[in-house]
Amino acid sequence: MDVLVCVKRVPAVGAEILLTPDATAIDTRHLGFTIGPHEECAVEEAVRIAERTGGSAGVLTVGPPETEEQLRYALSMGADHAVRVESPETDPDPEATAAAVTGALGELPPYDLVLFGEASADAGHAQVGFRVACALRRPVVGGVKGIELGRETVTLRRESPDGVEVHEAPLPAVAAVLEGLNLPRYPTIKGRLRAKKAPIRVLDGPGTTGGLRTLRLRHRPEARAQTVVLGRGAAAAPAVVDVLAELGIVP
């Protein structure tokens, strides 16, 4: 069973995010980069499927040469091969990204299953996987936290407010997965050495710039702790009891 995972280069979680002087982009000069947790689980799932079925696990990204760092990380986790699609933008929007992925899939060998993260860790558009599936006229399920493969079908499980939904789709199919699908492995030294030397195939992108234009970025308001004085002395006792009751500490 051959599986392809599409990943995106995003700022490392926990890093301080600074904006450029015109506030239209992120200042990346002092940032580390990674892939999002949804996509890391997707890579782990692809590697497990390949190991279990004797197939292959590929990883693909859209962007400039710097994004090969994230491809090599996926290779160090156990992916078999990597593809980078050239993009005229460092952070193409969902429309342009989906067009690049769709075009690349037309040039690559066929895959039984194409996996995406539910949403990227930076922009969080949650569009690319669904756009690609529609362009390829393949079945797609989002929010996936369980995958079981049959000979000609795939069973995809997702959680809902009312329980668990189970969807069965014919292969080839597309799925957007959530963090928690599995526990991703840590790359081994052997895996890192192999990934460092592995070739990365580079494909030309469609050259489209998408339909979104960034006007301005802004930081959300900083959350600040606030102290509320409930009272002084014995007079504060009723207010304290009310707070403890709200927290469920006292009946």
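The dialogue below goes through the sheet, the helix packing and the salt bridges of a predicted model.

Me: What should I keep in mind about the numbering and the predicted model?

Reply: Residues are numbered from 1 along each chain as its sequence is written, and side-chain values use heavy atoms, with hydrogens and water left out. Because the model is predicted, local features need pLDDT of at least 70 and side-chain atom pairs count only at pLDDT 80 or more, while totals for chains, interfaces and linings use all residues.

Me: In what order do the strands of the open sheet lie?

Reply: Strands of a sheet pair through backbone hydrogen bonds, either parallel or antiparallel. Here the open sheet has 9 strands in the order β11-β10-β9-β12-β8-β1-β6-β7-β13, and the pairing is mixed. Strands (E, at least two residues) and helices (H or I, at least four) are DSSP runs numbered from the N terminus, and two strands pair if DSSP finds at least two bridges between them. At the edges stand β11 (163–170) and β13 (200–203), each with a single partner strand, so one side of each has no neighbour in the sheet. From one strand to the next, the twist averages 35°.

Me: Which strand pairs run parallel, and which antiparallel?

Reply: Strand β7 (residues 81–85) runs parallel to β13 and is joined to it by 4 bridges, with V83 standing opposite R201 in β13. By contrast, β9 and strand β10 (residues 153–160) run antiparallel with 5 bridges, a hairpin of 3 residues joins β9 to β10, and V144 has R158 in β10 as its bridge partner. The pair β10 and β11 is also antiparallel, with 8 bridges; a hairpin joins these strands through 2 residues, and E159 has V164 in β11 as its bridge partner.

Me: Which strands does helix α3 lie across?

Reply: Helix α3 (residues 94–107) lies across β1 (3–6), β6 (57–62), β7, β8 (113–117) and β13, and runs at about 140° to β6. Helix α4 (residues 128–136), in turn, lies across β8, β9 (140–149) and β12 (173–177), at about 80° to β9.

Me: How do helices α2 and α5 pack?

Reply: Two packed helices are described by the angle between their axes and the distance between the axes. Axes are lines fitted to C-alpha atoms, for helices over the stretch in contact, and angles run from 0 to 180 degrees between N-to-C directions. Helix α2 (residues 68–77) and helix α5 (residues 189–197) pack at about 135° with their axes 7 Å apart, and are therefore oblique to each other (under 35 degrees counts as roughly parallel, over 145 as roughly antiparallel, 65 to 115 as roughly perpendicular and the rest as oblique). In contact (heavy atoms within 4.5 Å), R72, Y73, L75 and S76 of α2 meet G191, R192, R194, A195, K196 and K197 of α5.

Me: What is the angle between α1 and α2, and which residues make the contact?

Reply: Helix α1 (residues 37–53) packs against α2 at about 40°, with axes 10 Å apart, which makes α1 oblique to α2. The contact is formed by E40, V43, E44 and V47 of α1 together with Y73, A74 and M77 of α2.

Me: How many salt bridges are there, and which residue pairs with R9?

Reply: Side chains of opposite charge can pair when their charged atoms come close. The structure holds 9 salt bridges (a side-chain nitrogen of Lys or Arg within 4 Å of a carboxyl oxygen of Asp or Glu). In one of them R9 pairs with E69, the closest N and O atoms being 3.1 Å apart. R9 lies in the loop between β1 and β2 (10–11) and E69 in helix α2, so the pair ties together parts 60 residues apart in sequence.
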